[in-house]
Structures are given as structure tokens and as C-alpha cells.
Amino acid sequence: VRVSPATEDRNAHPEALFVHFRSLDAVRDRALWAQLDRLTQPTPGETTQDMGPALAELDRLLRAHRLTELQGLLRRALLATWLLPEHVPLLIGEWGAAGLARHVPALLGVLPKHMPGAFAPHAEAIAEHLADESPESARAALRALARIGKGALAAAQADAPGAPRPSGPEANALVRGLLAAVRGTAAEPPISRSSFCRKAVMALAVLPEDEAWLSLDRLLDAVFEECAQATERGSCPPPVELHLAAACVEHAA
């Protein structure tokens, strides 16, 4: 079974690759580094058809700098060779299916951590699962949106302060879905509740900046309304509401 290049080629062993990595680090050709950046962080518009020419150009640049020994390793490591935005709908389409597909929600909860750009165009489709009856499914959607939001914030800060974010789900629908997902964690231990509340606030970053701040206000308004109703009933506010209020205040600080 061909599992790793290290089992097939003695030159692919880590100690042999270190020499080539030192040579790569010494390269000052902007074209090479720009091509690596493109393949490491594919934009939402990149398609499978674009990857063939892009990888061929990377191979040409590696040959020009006598770094062909790194071709196989880089191809395995580059995110663009694993998942592109156009592939994500196929995964989302299997959400809730039987068989092996039952693991798709858990997978989609993790992958955006490493490839937020591939999932950003599909935030609206993921947000639809926030209100799923299955707690695992709703929490997977919450995790995915939080990681997409974190990636969107990082990308905006890297581009320029105030850089526009791509349009995301409809803001009111997103707020309702986040409230449903967070309130579904009421029976969880306090640490878990707090973590899910922070994820819900981070998920708002999938929206354009102005809408994200307005949606944060809507979350707080919903929390205050729930706490006021609890007081009128003569009971204490639900702890999950207090966790959510704290997460909102922390994010706004």
C-alpha cells in the first residue's frame, strides 16, 4: 500500500528534506512565494480547473530553483489540493444522511478551522443546520460558523483595517439560529456553555462588519428579554443567557 512518500523514496525522509527546506527558505523569488500563497489560501473563486495550471506553474518555479525534491511533499501539504469551495456543497448535501455520511456534520465542524476560505461562501447553507433537532448537528454547524468567522476576521485584518467581508447568511435568520443552538446547550457543564456562547458570537463575523455589530446588539436584546421574562416569573435568569451576555460584552470590549 502506498501511504507515504517516506516509504517509497529515501530522499523523502525528514532529514533529507531539511536540506531542501533550507534552500527554499533562501529563495527570494517573489513569484514562487506568491504561487505558494495562492495555493495555500485559495480564494472562493478558485476551481478545480484552475488548480492544474497553478500546480504546473509551481512545479516550473521549483525546477527553476532546483527544488524538485519538494514537489511531492508540497502537493500533499497544500490546501488547494485537498478541498476547494466548489467541493463543499457536496459535503453539505450529505448532512444528515445515513451510513458513513452520518459523520459529515462532525467533519464539517472541524475542516473550516484549517480551510475557512473554502467554506466562507457556504456559510448560509451551514447556518440552516443551527436549528436541527439533533444537538450534535446544531453544534457542528455552530463550530463551523465560528471557525469561518474567525477566518474572515483574520483575512480582513491581513488585507487592511476595515476591509469588506463577503456577504453571509441573512442576519436575522442567523441570530435566531445561533440563539436556538446556544440555548440547546443549557444542560451542558458551565465551561461547555461558555465555549458555545463565545462561538456563537464569533460566528457573527461571517456577516459584513456593519451587520455583524447590529446582530450582536440583537443577541444582547434577546438575552435581556429572556432575563426580564424570567424575573417576571419570579425565577433566576437561565445561566446560558448570562454566559451569552458575557460573551457579547467580551467581544465588544
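Leu 179 is buried in this predicted model, with a relative accessibility of 9%. That figure falls under the 20% cut-off, which is why the residue counts as buried. The residue sits in helix H10, which covers residues 171-183. Setting aside residues up to four places away in sequence, Leu 179 touches Leu 219, Ala 222 and Leu 244.

Stepping back to the whole chain, what does the secondary structure come to? The count is 13 helices and zero strands, so reading along the sequence gives α-α-α-α-α-α-α-α-α-α-α-α-α. Of the 253 residues, 39% count as buried. Among contacts with a separation of 6 or more, 68% are between residues 24 or more positions apart.

The largest nonpolar core has 47 residues. Phe 119, Ile 126, Leu 130, Leu 145, Leu 174 and Leu 244 are the ones with the most contacts inside this core. Another core, of 17 residues, lies apart from it and includes Leu 17, Met 51, Leu 55 and Leu 61.

Now for the way the helices pack. Two packed helices are described by the angle between their axes and the distance between the axes. For H10 and helix H11 (residues 190-203), the angle is about 170° and the axes are 10 Å apart. An angle over 145 degrees counts as roughly antiparallel, so H10 is roughly antiparallel to H11. On the H10 side, the contact is made by Leu 174, Leu 178 and Val 182, while H11 supplies Phe 196, Cys 197, Ala 200 and Ala 203. Sorted by type, the residues of this contact come out as seven nonpolar, no polar and no charged.

H10 also meets helix H12 (residues 209-232), and here the axes come within 10 Å and cross at roughly 45°. That angle makes H10 oblique to H12. The crossing of H10 and H12 is right-handed. Ala 171, Asn 172, Val 175, Leu 179 and Arg 183 are the H10 residues involved, and they meet Glu 211, Ser 215, Arg 218, Leu 219, Ala 222 and Glu 226 in H12. So Leu 179, the residue that opened this section, turns up again as part of the contact with H12.

Together, the residues of the contact of H11 with H13 divide into eight nonpolar, three polar and three charged.

The loops have a few things to show as well. His 122 lies in the loop between helix H7 (116-119) and helix H8 (123-127). Leaving out residues up to four places away in sequence, His 122 touches Pro 85, Val 88, Pro 89 and Ile 92.

Glu 128 is found in the loop between H8 and helix H9 (135-159). This residue is exposed, with a relative accessible area of 59%. Its C-alpha atom is separated by 9.1 Å from that of Ala 138, ten residues apart along the chain.

Finally, Arg 66 belongs to the loop between helix H3 (48-64) and helix H4 (71-77). Its relative accessible area is 74%, so Arg 66 is exposed. Most residues other than glycine have a negative phi. Arg 66 instead has a positive phi, near 55°.

How values were computed:
Residues are numbered from 1 along each chain as its sequence is written. This is a predicted model: local features need pLDDT of at least 70, side-chain atom pairs count only at pLDDT 80 or more; totals for chains, interfaces and linings use all residues. Side-chain values use heavy atoms; hydrogens and water are left out. Helices (H or I, at least four residues) and strands (E, at least two) are DSSP runs, numbered from the N terminus. Buried means under 20% relative accessible area, exposed over 50%, partly exposed in between (1.4 Å probe, protein chains only). A nonpolar core is a set of buried Ala, Val, Leu, Ile, Met, Phe, Trp, Tyr and Cys residues joined through side-chain atoms within 4.5 Å. Contact means heavy atoms within 4.5 Å. Axes are lines fitted to C-alpha atoms, for helices over the stretch in contact, and angles run from 0 to 180 degrees between N-to-C directions. Angles under 35 degrees count as roughly parallel, over 145 as roughly antiparallel, 65 to 115 as roughly perpendicular and the rest as oblique. A crossing is left-handed if the near helix is turned anticlockwise from the far one by less than a right angle, and right-handed if clockwise. Ala, Val, Leu, Ile, Met, Phe, Trp, Tyr, Cys and Pro count as nonpolar, Asp, Glu, Lys and Arg as charged, and the others, Gly among them, as polar.
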